Amino acid sequence: MMNENGWRGCGRAALYLSGVSFAALALSSSPASAQTAQVPNEEIESPAKSTDVIVVTASRIQRDGFDAPTPTTVLDSSELDTMAQASIADAVNTIPAFQPSRTPSTNTLNAVSAGANFLDLRGIGPNRTLVLLDGRRVAPTTDTNLVDANLFPSALVKRVEVVTGGASAAWGSDAVAGVANFILDSEFEGIKGQAQFGRSWESDGDEYKVAAAYGGSFAGGRGHILLGGEIYDNAGILKQSSRDWGRKKWQLIGNPAYTPTNGEPLRVISQNVNQSLTTYGGLIVSGPLRGTQFGPGGAPTQFQYGAISSIFQIGGDGLNLGQDVAIYQPNDRQNLFGRITFDVSDRTTIFAEAGYARSHSDNAIFPAWNFGNILVRDDNAYLPESIRQAMAANNVTSFAMGRINRDFGAISSDNTAETERSVVGARGEFGGDWSWDVYYQHGKTTNKVSLYNNPIVANLRLATDAVVNPVNGQIVCRSTLTEPDNGCVPINLFGPNAATGSPALDYVLGAAQTQYNLGQHVVAANIQAPPIALWAGDMIIAAGVEYREESVSSVADQLSLTNSFLTGNFQEIEGSRNIKEGYLEAVIPLVRDVPFFELLELNLAGRVTDYSTSGSVFTWKVGLSHQVSDDLRFRGTYSRDIRAPNLNELFNPASTTFATIFDPFQNSSVTIQQIQRGNTALQPEKGTTWTVGAIYEPSWLDGFRVSLDYFDIDLQGAISLLGIQDTIDRCFDGNVALCEFLNRDSSGTLTSIVRTNFNLAARSTAGFDIEAAYELPLSKISKGLGGTLGFQVYGSHVRKLVFDDGTVAIDRAGSLSAGTQGIPEWRWTGSATYKSGPFTGSVQARYISGGKYDATWGPLDINDNSIPSVTYVNLYAAYDIVRSEGDRSLTVFASVDNVFDRDPPIVASSFFAPLASNPALYDFQGRFVSVGARFKF
């Protein structure tokens with residue numbers, strides 16, 4: 001649903017598109033299914049003549065028919081169509097090598113990046129996957145240098161190439177796990193568009209998308225213009241309890257029956273877990289009146305306790321905050337893109353492009369909470385008289401109360417990110433087929449975040465302490481008796497809806513607000529030498545330089561700066577850096593046309609990068625491509641890759657979030673603040689990556705292709721924060737140095753843990769990827785059969801995923817709970833597609849292997865450490881109502897995701913507002929139906 005801000009955003013975007021476009025790029029025709037690196041990235045047609053020159057994302061070399069040694073997976077437009085995803089990033093995330101760890105379904109409790117979709121290769125963090133648009137960096141959407149892939153113009157995307165190996169020598173920092181390069185249909189001619197609507201089988205999650213594109217030539221074919229835009233709206237799924245599996249109150253908690261000697265497990269996964277210290281109307285948690293809760297109208301009743309484990313209990317009365325947590329964030333977004341190119345001569349093309357994207361999400365997170373420290377005195381003006389008398393009878397003057405303040409309205413995040421990007425440049429040829437390009441790029445992102453309905457802690461404390469003014473008999477705040485002008489408005493908290501509509505809400509609630517401003521300037525130049533004849537063929541060399549400036553600044557409200565809110569409390573950040581880079585790459589033929597060596601090529605690349613914050617670093621790559629025969633090719637690479645610290649890791653003064661952890665000192669769960677700080681002394685991470693693989697295309701089976709690639713990534717000096725649970729566990733186990741990061745109150749209760757970035761960690765992962773494709777014309781089986789049947793399979797096996805924080809190394813392969821940052825050992829995505837005349841039908845299956853909550857836990861750590869495997873089946877069908885030789889078409893389509901409505905496996909969380917499963921791995925929406933139409937003319 002488009003709101004007023006959405007239309008203003010579109011208007012601003014339209015005005016912003018004053019400049020547009022790129023040198024006349026002719027994209028090569030690609031097969032209907034995804035493939036490995038043999039599919040080219042772009043064929044670049046020079047202004048002078050068509051040359052069929054190819055740029056492969058795994059390399060900076062432009063060359064006819066070059067097969068890069070680094071594995072590259074390609075999703076072309078036809079395969080993206082059959083997935084029928086309203087978000088192109090969701091389609092990319094179906095590749096098993098990706099771990100969809102930051103998406104609209106995983107960010108439901110995240111205020112700053114609400115609605116965004118960040119790509120994460122290999123599960124080692126989205127900040128280690130470089131995202132490009134037509135081979136160039138784009139302005140990040142967060143100060144952690146992440147790019148929201150949802151914001152690319154989907155109507156113009158021709159292909160997505162994913163380099164599943166280290167590529168820093170070719171493309172620079174952040175390409176440790178690989179590169180995702182979104183390639184636009186730069187030579188598109190005509191008008192095309194798409195309209196799509198989707199809804200879950202539970203009649204929620206309504207999703208709308210409208211996208212359109214135009215391309216045309218002018219000035220006798222010397223110029224070309226390209227325009228594209230998209231409007232998207234998703235209403236979200238606002239309550240976990242809307243799903244039957246989400247209503248069962250699953251949670252991971254400390255075992256109420258555990259003692260160190262009784263053989264019971266330390267933790268249990270249980271249904272019907274409620275909070276033991278809170279109700280919606282208030283619960284007395286201490287003293288002789290403990291267990292008294294306040295019902296409608298403040299009427300006291302007895303609270304029924306279950307089996308208590310700290311702030312949680314199994315059974316009994318109470319509530320589970322996870323019931324009202326959204327499982328898919330509402331999000332609306334708009335984007336516009338334009339590009340214009342012009343051949344100023346037969347050998348030179350100039351271009352300009354501009355883009356604007358806006359993403360907005362307004363999401364209720366959960367209500368304000370208080371786990372038992374609301375102080376109520378016996379003279380409270382709203383206190384039920386029966387409780388006042390009971391206090392007097394028991395000779396107590398105060399008690400502590402816990403309450404979930406649902407009548408305040410949920411603490412909600414309103415997040416709007418706007419990204420603008422413009423590029424101007426030129427490309428061409430000179431001399432003996434030397435080619436060159438140069439460009440300047442400017443990008444900026446403004447991210448406005450508001451956490452509203454957020455209690456101001458001091459004001460709430462004063463408002464709660466309400467008394468009767470002895471002078472006039474009016475109910476006032478106690479503080480007003482001594483400070484008549486302090487503005488305090490008393491509030492009644494006795495009963496589930498006691499504060500609904502109260503004028504005190506304007507006094508006790510506010511909005512924590514911040515605005516991040518990110519800036520990026522890039523100047524780059526690239527050159528490629530003409531082929532140099534050697535003994536086995538032509539050697540090609542490419543080189544380039546780049547200068548990049550990045551900056552961040554933010555402003556925050558004064559209450560946040562003084563940590564006055566219950567949550568949020570944004571702090572201001574400011575910092576900048578510049579990066580100077582130069583690279584050189586060569587492809588050298590070594591052997592050609594001898595037995596078993598149809599062609600052996602060596603690929604060498606080196607890059608020097610100088611950071612103003614940390615000095616210089618050298619990255620390199622050595623690759624071999626061995627074409628044994630027309631049927632068989634081997635490939636391999638060995639590389640040094642880097643990731644530089646992002647602006648947040650460098651300059652963040654402090655940010656605060658909440659977490660629920662288990663305190664082994666107290667044998668109880670506790671909700672604490674985690675305080676994260678930046679570190680300007682950070683150095684770039686350094687990774688060593690090697691891949692080896694083979695591609696087999698048998699001549700005896702036309703249309704079949706299979707590849708197998710092994711990968712091994714070893715990242716040293718990884719920038720990392722020690723996990724908060726690990727911090728306290730290791731302090732408990734005797735690592736005294738870590739105990740100084742723990743803060744406790746006078747009673748010994750843990751209140752916060754301080755976390756700071758260091759180059760102290762290591763990450764390593766290894767495994768292999770499998771891809772296979774087969775296209776079979778059914779006429780080969782029988783001349784009476786028509787149509788084509790195509791099969792596509794992607795598989796990824798993770799042999800290890802080791803997180804080493806400098807003290808302990810833990811293999812997280814097969815650990816599937818959200819808190820472990822683990823990854824399934826096996827994932828498969830397979831599809832079968834039938835095409836005959838105007839009809840296309842496809843079935844896709846996605847398999848996720850089973851695993852454990854935490855692979856490091858033994859039988860006494862948890863009652864059930866197993867998580868089952870799951871398979872999701874999706875269907876797609878399309879019919880061409882119009883299809884003409886002039887490339888005019890009108891196609892209607894429909895898709896059903898999760899046809900069998902599979903529930904996610906239960907992977908319970910320990911957080912105080914828990915999700916019942918892991919949204920990074922499993923489908924929370926259930927069966928989802930989409931219908932739409934595409935046209936082109």
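These are my notebook entries on a predicted model.

**Ground rules.** I number residues from 1 along each chain as its sequence is written. Local features need pLDDT of at least 70, side-chain atom pairs count only at pLDDT 80 or more, totals for chains, interfaces and linings use all residues, and side-chain values use heavy atoms, without hydrogens and water.

**Lys209.** I found Lys209 in strand β10, residues 207-218 (strands are DSSP E runs of at least two residues, helices H or I runs of at least four, numbered from the N terminus). Lys209 is buried (under 20% relative accessible area, 1.4 Å probe, protein chains only). I looked for a salt bridge (Lys or Arg side-chain nitrogen within 4 Å of an Asp or Glu carboxyl oxygen) and Lys209 has none. Glu230, the nearest side chain of opposite charge, is 4.4 Å away. I did find a polar contact of 3.2 Å between the side chains of Lys209 and Ser154 (N or O atoms within 3.5 Å, one able to donate a hydrogen and the other to accept it).

**Cores.** I next looked up the nonpolar cores (buried Ala, Val, Leu, Ile, Met, Phe, Trp, Tyr and Cys joined through side-chain atoms within 4.5 Å). The largest has 76 residues, and Trp369, Phe399 and Tyr922 are among those with the most contacts inside it. Strand β22, residues 368-377, gives the largest share of this core, 5 residues. A second, separate core has 44 residues, including Val147 and Leu184.

**Helix α11.** I listed the buried residues of α11, residues 724-732: Ile724, Thr727, Ile728, Arg730 and Cys731. They lie on the same side of α11 because they cover an arc of only 165° around the axis (taken from the directions from the helix axis to the C-beta atoms). Just after α11, Gly734 takes a positive phi of about 120°.

Terms used. Buried < 20%, exposed > 50% of the residue type's maximum accessible area, 1.4 Å probe, protein only. Lys, Arg positive; Asp, Glu negative; His and termini not counted.
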